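Q: Could we go through this structure together? I would like to start with the domains and then look at individual residues.

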Amino acid sequence: MSTATVSGPAVDSGPDRLRLRGQSLPRWVPLAVAAGAVVVSLLIYLLTPVDSEIQIVLMAALGFVIAMTALSTAVEGGRRARDRFATTLVYTAFLLAVIPLVAVLVSVIGKGAGRLDAGFFTHSMNGIGARDVGGGIYHAIIGTVEQVLLASVLAVPFGLLVAIYLVEYGRGRVSRVISFFVDVLTGLPSIIAGLFILAFWVLALDQGFSGFAGALALAVLMIPTVVRSAEEMLKLVPNELREAGYALGVPQWRTILRVVVPTALPGIVTGVMLAVARVAGETAPVLLTVFGTNLINSNPFSGEQSSLPLYIYSQAGQPQQSAVDRAWAAALVLIIIIMVLNLAARLFAGRSRLK
Amino acid sequence: MTTEPDSSADAAEQRGAATATAPPEDPPPAGGPAVVSAGKARVGTADLIFKNLTRTAGLGLLALIAVIAIFLVLRATHALSANTGNFLTTEEWFPNASPPKFGVAATLYGTVVSAAVAMIIAVPVAVGIALFITVYAPRQLSSFLGYIVDLLAAVPSVVYGLWGLLVLAPHMKGIQLWLNDYFGWIPLFDAGSVGRSLFVASVVLAIMILPIVAALSREVFLQVPIAHREAALALGATRWEMIRIAVLPYGKPGVISASMLGLGRAMGETIAVALVLPASFNISAHLLSPAGNTIAANVANGWGEANGIGRGALIASGLVLFIVTMIVNIIARAIVARRREFSGSAA
């Protein structure tokens, strides 16, 4: 008995005479089918009146999925066909999603790069009409930098303190309520933050539009992000470090400030930089609180300012090609700034000792 | 990501319990008694001050939310009392006229429909991307793709709006005409003329939230224990069966909360929609007609020419948006919490 079961698989292991592995499609088939689908849809594009690129791409994707499923059902059958169907769908979904996302980047780079010269960075829009070719983003960059810095100065210490409370001290009802409302703030639409500062700071307190009002709105948006990321990082700090501090007689607050927070610092910095990158691209709250201007105003505490997202929005809304060109170029600058912040955040995250 | 807070909250509680009893009351055993008694009072006050400082910050956050709510309500009631229409059912938006008549019905409809259509398009594709990156793609490619998706999630919405207005909208004409020609018998796709419609806005929103949902789902799928996946494969499961029995059940709460975050983003998105949609105030089931507006876009478009009542009306509509997104968030939390109870072993 036992010898029979042992020798059983040994006999079959070679050329699969009992067809245990079943029929399967060769590896080149998916590629061939994909190429076929693309060729067929290209022919349709060239020969029939269907002239929408989006439609052609969707048709190619649909053709690929249907052909692969039919082939696989015929040859492989059953579970393998279902597996093949899922694989095909996942690959198609990925390729379909890549197209628009890459298209966004390509159009921004392609249309924005042409207008990117030294003058674009060193000039404001003072005296430039929509139809004029010149103009630049100097005033918008000043506004964005000042507003985001002020927002960080307001939001980061506050958010860090809340995170410390939630992780190190918070228990019971109060901390659960705070934690819940941090989630509520996370989901707060950015325009509500703008409306709130508009109602509170600009209208009720009658402070007028200013870069600082914009910074307040951005700070409202930054706080939950900072709290959440700092909380995650503080929770990762091993308890042994805290206990070691207490064992040496170090009071709790010093343990937190000298041991726990420094250990979590790279992660916290990463979270802060991601939050900065997010609010730097926010348009809606800035639109309602900073108002926008064509002039250089380097004082964030009085008078209207501009900002990069606001600049893009106002230029994009105009029909003249010169204005639209400025919008694309400013979009390119904004994307570059945000990408650099993101990459820097990742470098910091790589240095973290907590994983 | 979402499975973590539960266990780490427990850890925090235990840690809190340990620290609460250990340092202030019981002197550390290592220290000499004299040192401890000398230091005790000073340590106590400093600790108390720091604890109360962090506590004040926490309570300050609650105060902030209260202030947000109070000021929005105050401004809104002022305008609502002057309103001659029914705020919830009127479709017109004439808050600057006298007498003012405005309602949030049309913009709320646009908000919900555009966000819903965006979700229908984006979530399956985003899950596909996340599965591709975590399960199908070769290892080196997958970490690179993960970076790319994270970076795309950070692209500001105004850029998507710019692209949607100038690049996508003209290209969408063909497919909208086609939908109108062949599926026009469904009221949804019936339109006299096509153009910058709610459908185009939904597609822009879908493209915008795609990387966000995909990036969060990817993180969740990455946390599926390798042992679960290998166990499924060892039992003879195909790759799809492995995904179905090991990856998806484990990642479901995370994917749901990621989708809800995307939904919140889509409903609150202002600029991308304001750039794409022509502002009009009517409820129409025809997705492809060049019409429609959302609450957020209406605020961005309308507030420049608004007078006192007009601003109050916009704030009132913002309040409605706030409540709707808050309900979505609470539902998401409830789903995630309940899921966690069921799949307790996975958490």
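**Domains, interface and selected residues**

A: In this predicted model, the C-alpha centres of domain 1 and domain 2 of chain A lie 40 Å apart.

Q: Which residues do domain 1 and domain 2 of chain A cover?

A: The domain assignment places domain 1 of chain A at 23-114 and domain 2 of chain A at 138-351.

Q: And how many residues does each domain of chain A bring to the contact?

A: Five residues come from domain 1 of chain A and five residues from domain 2 of chain A. On the side of domain 1 of chain A that touches domain 2 of chain A, three residues are nonpolar, one is polar and one is charged.

Q: What is the secondary structure of chain A?

A: Chain A holds 14 helices and zero strands.

Q: What is the radius of gyration of chain A, and what would a compact globule of 355 residues have?

A: Chain A has a radius of gyration of 29 Å, whereas a compact globule of 355 residues would have one near 20 Å. The C-alpha trace of chain A spans about 85 × 75 × 35 Å along its principal axes.

Q: What percentage of chain A is buried?

A: Of the 355 residues in chain A, 49% are buried. As for contacts in chain A between residues at least 6 apart in sequence, 71% of them join residues at least 24 apart.

Q: Let us take one helix. How many residues does α6 of chain A have, and how far does it reach?

A: Helix α6 of chain A, residues 138-169, has 32 residues. From its first C-alpha to its last, α6(A) reaches 46 Å, close to the 46 Å expected at 1.5 Å a residue.

Q: Where does α6(A) bend?

A: The bend is at A155(A) and amounts to about 25°. A proline, P157(A), follows within four residues.

Q: Is α6(A) mostly covered or mostly uncovered?

A: Mostly covered: 25 of the 32 residues of α6(A) are buried.

Q: Moving on to the chain pair, how many residues of chain A are in contact with chain B?

A: The count is 81 residues of chain A, in contact with 80 residues of chain B. Helix α4 of chain A, residues 78-112, gives the most to the side of chain A that touches chain B, with 18 residues.

Q: How does that side of chain A divide into nonpolar, polar and charged residues?

A: The side of chain A that touches chain B has 56 nonpolar, 14 polar and eleven charged residues.

Q: Which domains does the assignment give for chain B?

A: For chain B the assignment gives domain 1 at 4-82 and domain 2 at 94-342. Nine residues of domain 1 of chain B are in contact with ten residues of domain 2 of chain B. Helix α2 of chain B, residues 33-82, supplies eight residues, the largest share of the domain 1 side. By class, that side of domain 1 of chain B has six nonpolar, one polar and two charged residues.

Q: Back to chain A for the backbone. What is the phi of D206(A)?

A: D206(A) has a positive phi of about 55°, although it is not a glycine. D206(A) is in the loop between α8 (190-204) and α9 (211-236) of chain A.

Q: Why is D206(A) classed as exposed?

A: D206(A) is exposed because it has 7 other C-beta atoms within 10 Å, and a residue with 12 or fewer counts as exposed.

Q: What about F291(A), buried or exposed?

A: F291(A) is buried, because 20 other C-beta atoms lie within 10 Å. F291(A) also has a positive phi, near 80°, and is a residue other than glycine. The loop between α12 (284-289) and α13 (308-316) of chain A contains F291(A).

Q: In chain B, where is W93(B)?

A: W93(B) is in strand β1 of chain B, residues 93-94. W93(B) counts as buried because it has 26 C-beta neighbours inside 10 Å. Leaving aside neighbours within four places in sequence, W93(B) is in contact with F102(B), F281(B) and N298(B).

Q: Finally, which helix holds A297(B)?

A: A297(B) lies in helix α10 of chain B, residues 295-302. With 28 C-beta neighbours inside 10 Å, A297(B) counts as buried. Beyond four places in sequence, the contacts of A297(B) include T270(B), V273(B) and A274(B).

Note on methods
Residues numbered from 1 in each chain as written. Chains lettered and ligands numbered in written order. Predicted model: local features only at pLDDT ≥ 70, side-chain atom pairs only at ≥ 80, totals over all residues. Helix = DSSP H or I, 4+ residues; strand = E, 2+ residues; numbered from the N terminus. Contact = placed C-beta atoms within 7 Å. Nonpolar A, V, L, I, M, F, W, Y, C, P; charged D, E, K, R; others polar. Expected span 1.5 Å × (residues − 1). Bend = angle between axes of the 7 residues up to and from the residue. Domains from an automatic or database assignment. Rg over C-alpha atoms; globule rule 2.2 N^0.38 Å.
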